[in-house]
Amino acid sequence: MDKILFDLDGEWTLSYMSDREYASLKRKPQCEADLPPTEKLSVKVPGIFGEDLYLNGKTGDPYYSLNILDLQNYEDTHLFYYRRFPAVTGKKIFLRFEGIDTFAAVFINGSFVATTDNMLIPFELYVPNSALKEDNEIFIHIVPASVVSRLRPTPANSASLEYLADMLYIRRAPSLCGWDIMPRIPTGGIWRSAYIVSKTDDAIADAFIYTVKAVDNGDSLLYLRYTLNIANGGWKDYSIRAEGECEDSRFYAENRIYGVCGSLKIHVPRSKLWYPKNYGKPSLYDVKITLCKNGEPVDEYKTRAGIRTVRLDRTSTTDKDGNGEFRFVINGKKIFYLGTNWVPLDAFHCNDIKRLDRAFELLLDSGCNGVRCWGGNVYESDRFFDLCDEYGIMVWQDFAMACGVYPQEQDFYEMISVEVRATVKRLRNHASIVLWAGDNECDYSYMYGSGVTLDPNGNVITRRVIPEILNAEDFSRPYLPSSPYIDKEGFESGGGDGCGALSEDHIWGPRDYYKGKYYKSTVCHFASEIGYHGCPSPSSLSKFISEENLYHWYDEKILQNEGRYTSNAEWRVHGASPEISENAPFAYRTALMVNQIKTLFGGVPEDLTDFTFASQISQAEAMKFFIERFRLSKWRRTGIIWWNLIDGWPQISDAVVDYYYGKKLAYHYIRRAQQPVCFMFDEPEECEGKTCVRLCGVNDLQKDADCEYRVYRIGVLSPDAPEDFGKIKIANGVITLKNNESVTAAYVDFTDHAFYLIEWEYGGETYRNTYLCGDPVISLEKYKKALDITGMNDFSE
């Protein structure tokens with residue numbers, strides 16, 4: 001394993017200048033002494049320039065009011081990071097950067113070392129011993145991505161979201177350009193840790209452990225594929241050894257080597273398998289791989305490995321009768337995927353790791369057994385994947401391309417090849433990763449992004465370049481070229497967007513009433529995106545919206561002159577629009593949320609607390625409906641990955657937890673709807689000449705569940721209904737819910753606009769859920785009263 005000689009995290013000095021100033025320099029800086037008189041900041045690595053400006057008092061809090069827009073003044077800024085480090089000694093010395101954003105030239109003591117050109121992958125840069133002294137300076141020049149992008153025009157068939165246009169050829173997290181969930185962050189930095197490391201002559205360069213056969217408590221078969229660095233000596237002097245342990249199961253295998261690359265067959269008796277949450281124990285082996293010379297260890301590699309197989313049963317399309325499939329199968333068990341989209345944890349990615357543990361706690365508490373690592377993000381940290389392995393959280397991993405037709409040129413193919421290979425080799429030993437996906441919605445972009453309909457199957461990146469690398473480097477898990485994936489059959493059927501015929505789809509549509517025609521007409525088996533807006537509570541809003549704009553979220557002038565709601569500039573920017581124009585691409589989002597409130601309650605409250613409460617009810621009922629619709633129709637539907645768990649900056653969004661960890665009502669509703677053993681209502685239907693609603697019991701566990709349930713009507717919530725609230729029992733019963741199935745428990749008489757409470761006992765514990773019957777309009781005041789009666793009003797001001 002590499003030995004860390006010096007940790008480069010901590011205090012650095014940062015100087016910066018505009019591109020115009022840099023171009024005027026006769027001597028381009030390669031060390032601190034070369035710099036002209038310029039601004040100097042004391043900064044920390046990991047860090048990002050945009051946040052460093054604020055921490056040094058050069059800008060206001062970028063997350064408050066309109067301050068985030070000020071960072072766009074620094075889009076053409078050159079950054080110069082430098083610090084000193086003491087003498088280091090080692091056989092082969094490298095600089096290791098876990099993440100630099102993005103185009104960096106690295107110098108040691110004024111001598112050029114190497115460059116970086118990709119924010120998303122680590123870099124190891126060789127440093128000759130001759131370049132080092134007793135006291136050393138490291139100097140890093142980061143060229144602004146916007147300057148580099150001017151040298152990289154894209155072909156005419158390229159397409160993207162408006163703010164991504166200049167970055168299609170730049171390998172940064174796409175959302176940094178400005179997205180409907182993230183602000184535009186044009187600045188760079190050393191955003192992950194950096195080290196000076198040494199390597200030995202004889203070393204394990206790479207190790208890939210994959211499952212050939214998985215037998216629970218039986219004899220499983222693994223293979224180790226290794227790559228070695230061997231300086232000299234005959235092959236007969238070397239051997240490779242693999243040993244592992246999980247509870248009472250152990251394995252050991254050893255063989256001499258006959259080349260720098262080879263394979264080792266590993267038999268595992270009494271093997272413990274890795275299963276996702278709700279489906280078994282996520283067993284992990286502590287594994288040590290050792291390279292020996294003449295019987296003595298010269299290098300070792302330690303990891304944790306899970307024994308599991310994964311398969312995706314998929315057809316391209318489906319129909320209203322459910323013909324088709326999109327289903328994960330792990331260790332021979334069919335899996336219902338209950339997950340959330342994992343998006344940036346912070347707009348300044350240097351803070352991702354600081355927010356990870358708390359966000360992951362929310363993920364586990366919400367009842368998810370999977371995530372989708374969205375393609376607009378960075379590739380998550382090793383710790384994230386370690387946690388997913390440990391807790392049985394399945395990972396659907398997009399490669400970092402989103403909502404665009406990326407350049408169909410050899411230069412780009414080579415760039416993405418380097419990134420994909422590095423990412424796959426870093427992550428492929430994680431049992432939690434059950435799918436690689438080529439991108440996010442780029443197939444959509446082919447069909448809808450350029451004014452003409454292009455066939456996404458002409459995308460060489462996801463149809464040839466990526467699968468060729470996966471065939472070579474990771475054949476142990478399925479691959480989906482895009483999400484949603486529109487293959488030839490899907491293209492001929494007309495694509496997706498919810499009401500198409502794709503077996504897996506993103507369900508967004510008009511974002512109108514959550515039980516409207518669009519949402520009820522979707523036929524896909526698997527929804528990998530679906531969400532609904534919810535406003536943060538006033539206590540969170542006040543942390544990023546100025547007091548004068550907090551209680552007047554709408555633009556009063558436009559409302560008076562044109563009779564329509566339009567958010568004021570602060571709400572718009574935190575909506576998240578990278579500009580204040582009311583006609584900007586993402587400026588619609590707050591108005592969209594208002595219309596959702598208006599649809600459900602027949603009007604828009606003027607009081608801010610009532611406004612946010614109404615919005616959170618709308619979101620909570622919508623998210624609950626989406627999840628329950630998929631769960632109660634198990635196995636006609638096989639998974640839902642809702643959008644999304646937590647905000648990556650202060651905003652008004654689809655997230656169910658705001659940036660300050662404030663839980664919206666939707667979080668609590670989702671948590672109840674995702675209980676492994678859960679009762680929920682379907683929508684009204686005709687039964688024996690009257691209207692009734694079907695009560696379903698869903699069991700995601702691998703054992704039958706004996707339950708006793710009760711249903712209560714709390715009240716009728718239509719505005720003109722008489723005040724009649726209480727806790728009236730209308731149904732009860734005892735039922736055994738079969739493992740891993742959804743069954744009908746009872747039929748209950750329909751009462752329009754009624755609010756129901758469901759209670760059930762299982763395993764000595766009492767669980768609860770709610771149901772709002774019928775369509776709008778309902779009374780906000782009555783809804784609050786009904787929720788208070790149940791004791792489940794978790795709204796926080």
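User: Which residue does glutamate 761 stand opposite in β40?
Analyst: Glutamate 761 stands opposite threonine 766 there. Bear in mind that this is a predicted model.

User: How do β39 and β40 pair, and over how many bridges?
Analyst: Strand β39, residues 754-762, pairs with β40 in the antiparallel sense, and the pairing runs over 8 bridges.

User: What sheet are they in, and in which order do the strands come?
Analyst: They belong to an open sheet of 4 strands, ordered β37-β36-β39-β40, with antiparallel pairing. The edge strands are β37 (728-737) and β40, each of which pairs on one side only. On average, neighbouring strands in this sheet are turned by 20 degrees against each other, direction ignored.

User: Which helix packs on the sheet?
Analyst: Helix α16 does, touching β39 and β40. The direction of α16 makes about 110 degrees with that of β40.

User: Staying in β40: is threonine 770 buried or exposed?
Analyst: Threonine 770, which lies in strand β40, is buried, because its relative accessibility is 1% and the cut-off for buried is under 20%.

User: What does threonine 770 touch?
Analyst: Leaving out residues up to four places away in sequence, threonine 770 touches Lys624, Tyr669, Phe755, Tyr756, Leu757 and Met792.

User: Tyr669 is one of the buried residues of α17. Which others are buried there?
Analyst: Besides Tyr669, the buried ones are Leu665, Ala666, Tyr667, His668, Ile670, Arg672 and Ala673. That is a mostly covered helix: 8 of the 9 residues in α17 (665-673) are buried.

User: What about the largest nonpolar core, how many residues?
Analyst: The largest nonpolar core has 194 residues, and Tyr81, Phe328 and Trp342 have the most contacts inside it. α16 gives the most to this core, with 12 residues. Another core, of 28 residues, lies apart from it and includes Leu632, Tyr756, Ile758 and Tyr762.

User: New topic. Where is tyrosine 22?
Analyst: Tyrosine 22 is found in helix α1, residues 19-24. With a relative accessible area of 15%, tyrosine 22 falls under the 20% cut-off and so is buried.

User: Which residues does tyrosine 22 touch?
Analyst: Met17, Lys28, Pro29, His78, Phe80 and His141, not counting residues up to four places away in sequence.

User: And what separates tyrosine 22 from lysine 281?
Analyst: Their C-alpha atoms are separated by 57 Å, and the two residues are 259 apart along the chain.

User: Which strands does β19 pair with?
Analyst: β19 (residues 285-293) pairs with β16 (residues 238-246) in the antiparallel sense over 8 bridges. β19 also pairs with β20 (residues 296-305), again in the antiparallel sense, over 9 bridges.

User: Which residues are partners in those?
Analyst: Isoleucine 240 has leucine 291 of β19 as its bridge partner. Threonine 290 stands opposite glutamate 300 in β20.

User: What do β19 and β20 form?
Analyst: They form a hairpin with 2 residues between the strands. Asparagine 294, in the turn, has a positive phi of about 55 degrees.

User: Last one: what does β5 pair with?
Analyst: β5 (residues 92-97) pairs with β13 (residues 194-199) in the antiparallel sense over 6 bridges, and leucine 95 has isoleucine 196 in β13 as its bridge partner. β5 also pairs with β9 (residues 123-127), antiparallel over 5 bridges; there the bridge partner of isoleucine 93 is valine 127.

Definitions and conventions. Residues are numbered from 1 along each chain as its sequence is written. This is a predicted model: local features need pLDDT of at least 70, side-chain atom pairs count only at pLDDT 80 or more; totals for chains, interfaces and linings use all residues. Side-chain values use heavy atoms; hydrogens and water are left out. Buried means under 20% relative accessible area, exposed over 50%, partly exposed in between (1.4 Å probe, protein chains only). Two strands pair if DSSP finds at least two bridges between them. Axes are lines fitted to C-alpha atoms, for helices over the stretch in contact, and angles run from 0 to 180 degrees between N-to-C directions. Contact means heavy atoms within 4.5 Å. A nonpolar core is a set of buried Ala, Val, Leu, Ile, Met, Phe, Trp, Tyr and Cys residues joined through side-chain atoms within 4.5 Å.
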